[in-house]
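Biologist: I'm new to this one. Can you put it on screen and walk me through it?

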Amino acid sequence: MKRFRSRFLNAQFVILFFVFIIMVVFLGNLFEGILFEGANPEALSNMWLILIFSFATAFLLIIFINLRISNQLTKPLEGALKVANELASGNFRARTYEYKLDETGQLSHALNILARNLQNMTASYEMQQNRLMTLIENMDSGLVLIDPKGYINLVNRFYKETFQVDSDDYLDVLYYEALPYQEIVRLVEETLLTEQTVRKQVELQVGIEMRHFDVSGAPILDQDNKLKGVVLVFHDITELKKLEQMRKDFVANVSHELKTPVTSLKGFAETLLDGAMENQAFRTRFLNIILDESDRLQSLIQDLLDLSKMEQKHFSLNWQDVELKELIADCILLTQSKAEKKSIEVTVDYDGDLKVKGDSNRLKQVFLNLIANSLTYTPEKGKVAISVKEKSGAVAFVISDNGIGIKKEELPRIFERFYRVDKARSRNSGGTGLGLAIVKHLVEAHNGKIEVESEVGQGTTFKITLLKNRLF
């Protein structure tokens, strides 16, 4: 704008200069021939000086007026042009001065409104983008965005943390070069080919472990149903799979545990009916076996019912004052015959005030289970040591044996239902495989804590900490 105005004024001034020279020459000769005919040279000289001075003054005056007028006309346009350039470069905060309500003022006003609207639209767009990115980054599933050419545009935080990858290895890289899993590559290809959502459950290796994912590949279509890319969503269902496997294992274990005594009952009953009943020795022996298997079946069903009760929301304890010294003495008395049968030495050490708040019958069930368990897995002439001591607002019950011990890798699983460290010995001893699971549930229902330490061949120690007062 400034260059155009400068060229226009320069051209105008040059033309005006030559016009004024012509007029000076023309008027000077005209005056010399008509008004100053016969005048002396001095008068003629004065006439030429006056004429040149007058035209020079007029010329300068016209230049000054032209500069003022052009400046007033072009200044608003220059401001508007500057703002337009700023808007074009993305600076929507730029504004121009609104001089007057003429055409140039209206232009400046319109530009300011345009800039204000663009600024508001940009702020709204940025806010939506921030919300979307916050949502994507914090969603509890992995997300990968692939453009129509197959390049990865976006990888969210969950995906990077789950698969332990870096953004630089994925962004602007072709999906079949970045994704290390062929199942996922085939899923993307199927999505691109069919332009339909493809969903699969896959097992992928992440680090040193195998994890299960529910993967969805969805096409991104525009308003004209033209493919604009693919979005991959990874739902981690590893825990669900584990729960499903635990449920299957539980059903299989229950079926197996129920089937064994029922098969024995049926087999010995049929044997008796087939003639063995006539033999006194066989009859007595088989009936005793039937009685033992019935007891085992009853214990298993009772344990299952107990576990079922404990897992229900309305399960409650009969809270009362419990003297652990008396309770544990009763439990030792009840298991004394078992200890004497294997010549196991059982020692007890009491220390301090051992009164706690709890359910007497349930706590008795806990201690009986643990004492019986220790006696089962302790060899003949072994030792079982019990210690019950008061400790700052709690009572610690510790039972140690010098039995077969438990492998470290099996320790986290010993509280699972039907998990047996020594499967053959557990079944022969009449155990249901639910004892420790019941113990853990009951201790936690008392707001207590159970811990276990063990070494193979050295023995096992269970430690239960019970609060002296009930938590509400």
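Biologist: Which residues of H11 are buried?
Modeller: Arg362, Leu363, Gln365, Val366, Phe367, Leu370, Ile371, Ser374, Leu375, Thr376 and Tyr377. Buried means under 20% relative accessible area, with exposed over 50% and partly exposed in between, using a 1.4 Å probe and protein chains only. Helices are DSSP runs of H or I with at least four residues, strands are E runs of at least two, and both are numbered from the N terminus.

Biologist: What kind of model is it?
Modeller: This is a predicted model: local features need pLDDT of at least 70, side-chain atom pairs count only at pLDDT 80 or more, and totals for chains, interfaces and linings use all residues. Residues are numbered from 1 along each chain as its sequence is written, and side-chain values use heavy atoms, leaving out hydrogens and water.

Biologist: Back to H11. How far apart are its end C-alpha atoms?
Modeller: They are 26 Å apart. That agrees with the 26 Å that the 18 residues of H11 (360-377) should span at 1.5 Å a residue. The expected span is 1.5 Å times one less than the number of residues.

Biologist: Which helix does H11 cross at roughly 140°?
Modeller: H13, and the two axes come within 9 Å. Axes are lines fitted to C-alpha atoms, for helices over the stretch in contact, and angles run from 0 to 180 degrees between N-to-C directions. From H11, the contact includes Arg362, Gln365 and Val366. From H13, Gly435, Leu436 and Ile438 are among the residues taking part. Contact means heavy atoms within 4.5 Å.

Biologist: Now the sheet. What is the strand order?
Modeller: S7-S9-S10-S12-S11, an open sheet of 5 strands with mixed pairing. Two strands pair if DSSP finds at least two bridges between them.

Biologist: Why is one side of S7 and of S11 left without a neighbour in the sheet?
Modeller: S7 (345-351) and S11 (449-455) stand at the edges, so each has a single partner strand.

Biologist: In what sense do S9 and S10 pair?
Modeller: Antiparallel, over 8 bridges. S9 covers residues 383-391 and S10 covers 394-401. Val384 has Asp401 of S10 as its bridge partner.

Biologist: Which helix lies across S11 and S12?
Modeller: H13 (residues 435-445), running at about 140° to S11. Helix H9 (324-334) lies across S7, S9, S10 and S12, at about 175° to S7.

Biologist: Last one. Which residues of H7 are buried?
Modeller: Thr238, Val254, Glu257, Pro261, Leu265 and Leu272. H7 (238-273) has 36 residues and reaches 52 Å from its first C-alpha to its last. Gly275 follows H7 and has a positive phi, near 135°.
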